[in-house]
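Here are my notes on this model for someone who has not looked at it before. Please read them with the structure open.

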Amino acid sequence: MPENLLESLCSVVAESNLSSAHPERERLQILVIGSRDGVMEAIHTLHARGFAEVGAWSLLLPAPHLSEVMSILTRYRKRDN
C-alpha cells in the first residue's frame, strides 16, 4: 500500500497546484472512511445514484485508525464573487 499512498498524495498535490492556477474555482473534497468493504460499498452506491464515477475517487489510503481506509473525491465549483 505505500506506493498507492505516494501516488495518491502526488495526485492531491497536483490538484492543489491546479486549483491555485484557477482562483475562480473552489476545491471541495468528500472523504469516506471505514473498513475496506464499507468504503468500496459507499463508493459503488454513490456511483449507482449518479453522484460520481468509481474511478473519480482516490486509491484507498490508510486512515488514522489502523483498521480503516479512506478515499477522497475532489470536485470543483465556481466561486461566488
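Predicted model: local features only at pLDDT ≥ 70, side-chain atom pairs only at ≥ 80, totals over all residues.

The points below go from the whole chain to the sheet, and then to single residues.

1. The chain has 2 helices and 3 strands. Starting at the N terminus, their order is α-β-α-β-β.

2. Burial and surface. The chain has 81 residues, and 21% of them count as buried. Its accessible surface is about 5,700 Å². Carbon and sulfur atoms hold 56% of that surface.

3. Contacts along the sequence. Among contacts in the chain with a separation of 6 or more, 62% are between residues 24 or more positions apart.

4. The 3 strands make an open sheet in the order 1-3-2, with antiparallel pairing. Strand 1 and strand 2 are at the edges and have a single partner strand each, so one side of each lacks a neighbour in the sheet. Helix 2 packs on this sheet and touches strand 1 and strand 3. The direction of helix 2 is at about 135° to that of strand 1.

5. As background, strands of a sheet pair through backbone hydrogen bonds, in a parallel or an antiparallel way.

6. Strand 2 with strand 3. Strand 2 covers residues 61-62 and pairs with strand 3 over 2 bridges, again in the antiparallel sense. Here Pro-62 is opposite Val-69 of strand 3. The two strands form a hairpin, and 6 residues lie between them.

7. Helix 2. This helix takes in residues 36-48, which makes 13 residues. From first C-alpha to last it reaches 18 Å, close to the 18 Å expected at 1.5 Å a residue. Gly-50 follows helix 2 and has a positive phi, near 80°.

8. Thr-74. Is this residue of the model buried or exposed? Thr-74 belongs to strand 3, residues 69-78. Its relative accessibility is 17%, and because the limit for buried is under 20%, Thr-74 counts as buried. The side chain of Thr-74 makes a polar contact with the side chain of Gln-29, at 3.3 Å.

9. Glu-24. This residue sits in the loop between helix 1 (2-21) and strand 1 (25-34). With a relative accessibility of 36%, Glu-24 counts as partly exposed, because that class lies between the limits of 20% and 50%. Which residues does Glu-24 touch, leaving aside those up to four places away in sequence? They are Arg-77, Lys-78 and Arg-79. Glu-24 and Tyr-76 are 52 residues apart in sequence, and their C-alpha atoms are 9.8 Å apart in space.

Technical notes:
Residues numbered from 1 in each chain as written. Heavy atoms only, no water. Helix = DSSP H or I, 4+ residues; strand = E, 2+ residues; numbered from the N terminus. Buried < 20%, exposed > 50% of the residue type's maximum accessible area, 1.4 Å probe, protein only. Contact = heavy atoms within 4.5 Å. Areas by Shrake-Rupley, 256 points an atom, 1.4 Å probe, with all protein chains shown as cover. Expected span 1.5 Å × (residues − 1). Polar contact = N/O pair within 3.5 Å; in protein donor to acceptor, adjacent residues only side chain to side chain. Pairing = 2+ DSSP bridges. Axes fitted to C-alpha atoms, helices over the stretch in contact; angles between N-to-C directions.
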